[in-house]
Amino acid sequence: MAKRSMSLLGQWSSRVFSIDLDKRGALLNFALTEKPQQAPEKFRNIQERCYSVLVCGDDRIQSARFYFGLEDLLRNELPAECELLPVSSYLPHVKDSLIRGYFLKDASECPSLTRRVLGALGLSEQVQVCSYLRGPDGGRWSQQLWSGSENQNMDVSKTCYVVPSEEANYHPSVLNMENSDVFYCRAEACKVLQESCDIIPESRAVLELVGKTDASRHSPDFPVVVIEGLDATGKTTLTESLREALGARLLRSPPQCLSPWRAVFDREPPLIRRAFYALGNYITAEQMGKEASQAPVIVDRYWHSTASYAIATAVSGPVSSLPPEGSPLYRWPPDLLQPSLVVLLTLDPQERKRRLEARGQGQTDEEQELDHNLLFRLRVEEAYRRVRGPACVVVDAGPSAEKVLQQVLLLIKEHCRL
Ligand SMILES: Nc1ncnc2c1ncn2[C@@H]1O[C@H](COP(=O)(O)OP(=O)(O)OP(=O)(O)O)[C@@H](O)[C@H]1O
Ligand SMILES: Nc1ccn([C@H]2C[C@H](O)[C@@H](COP(=O)(O)O)O2)c(=O)n1
């Protein structure tokens, strides 16, 4: 079978491969060269047989869905002794050059089963399989690109040597965030759902609800105040109290009208799920424009949530792997209505956990992840603080509900014409 993956992968030897060794951002970076050379130190410690599986199809919806299901597929098919680590391959500094996949360390007794599974996968146009061989001196590793032959004895079409590469300044996912994780205009988010219509019929229903008018330049008569924060920081409690205290209208993003489809899109890969949430903001913005001509408007989550969760999920590891402060990735979409004030509620992790347990409700997958993964929580909160246009005002939600309400009412007085 002819593979067009070599051209898709760009110049193979210019690429950097970045393996997330502990799934917490400890990256092992390497490049490839045609001359035999010593592999990076971390690579030399590897004892197992190794493979990489990269997803590089032309159709972004199909590739995103394929990658999303790939971990489960590999876990189901491969021997249990195969360790799977996320791997990215990219051209340094080249936007949208990132390709994702998995790096496999196979410690099983049955190498032929692993090769059979990978051989079958390699037949797909969307997948590129490589194996890695340790040289006789133990210090050299070579990479062989599989040609996708149906023959179980893999047809090796290109051999390169694994060499150290420079550390990237930021997580490689940063290269592909725009229009894959974060959408900076309605048209780009709509495009994703239009491309998904055949496989996700609910996309049509969502698209029908999204208006076409640009209300971003419209300046509402009454203030629009957005309340943001992680789960259980007190957004619902505060927004209800603000509604009463100000005689305000209460809106949320995603809006109520998207509720029937939210669970469907929550099961989709980030490309599709984030486009859904982005469009939810445009629907809420239309409602804001209308309501704010009659009364103050309070909004439970909006653009800060959409951008921050998307950015924080796309990278792994510590806060330093986020796009740097001031990066255009934290910008406000120019066609999205800006609120008068954004308040970010922050809470000590222990108190947040206590409130979550006291509430005793189910959590979304992402919110469960927050509990398990302190680093993720820190990334989301830091991304919140970095989003601009307007920037959020941070409020400690630790004091009593009444005290928090009074503090936010003061902020509204300071920032908004009432
Ligand atoms: N200032 C406060 N002090 C103590 N408890 C509070 C305070 N604010 C809210 N709570 C309680 O904490 C729990 C979580 O609050 P709430 O539901 O308002 O958070 P939330 O941010 O809206 O959560 P989610 O995003 O999951 O909807 C609730 O049981 C609520 O009664
Ligand atoms: N405007 C919004 C609102 C929510 N989200 C995403 C981010 C999290 O995955 C989840 C949190 O919502 P909750 O559980 O508090 O209802 O929804 C978003 O991206 N944009």
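Me: Why is Ala107 called partly exposed?
Reply: Buried means under 20% relative accessible area, exposed means over 50%, and partly exposed is in between (1.4 Å probe, protein chains only). Ala107 has 45% relative accessibility, so it counts as partly exposed. Bear in mind that this is a predicted model, where local features need pLDDT of at least 70, side-chain atom pairs count only at pLDDT 80 or more, and totals for chains, interfaces and linings use all residues. Residues are numbered from 1 along each chain as its sequence is written, chains are lettered from A and ligands numbered from 1 in the order in which they are written, and side-chain values use heavy atoms, with hydrogens and water left out.

Me: Where is Ala107, and which residues does it touch?
Reply: Ala107 lies in the loop between strand E5 (99–106) and helix H4 (111–122); helices (H or I, at least four residues) and strands (E, at least two) are DSSP runs, numbered from the N terminus. Not counting residues up to four places away in sequence, Ala107 touches Glu48, Arg49 and Glu81, where contact means heavy atoms within 4.5 Å.

Me: Why is Glu268 called buried?
Reply: Its relative accessible area is 8%, which is under the 20% limit, so Glu268 is buried. Glu268 is found in the loop between helix H8 (259–266) and helix H9 (270–291).

Me: What makes the pairing of Glu268 and Arg65 a polar contact?
Reply: The term needs a pair of N or O atoms within 3.5 Å; within protein, one must be able to donate a hydrogen and the other to accept it, and residues adjacent in sequence count only if both atoms are side-chain atoms. The side chains of Glu268 and Arg65 are joined at 2.9 Å. Leaving aside neighbours within four places in sequence, Glu268 is also in contact with residues including Phe68 and Ile200.

Me: Is Phe276 buried or exposed, and how do you know?
Reply: Phe276 is buried, because its relative accessible area is 0%. Phe276 sits in helix H9, and its contacts beyond four places in sequence include Leu193, Val206 and Trp261.
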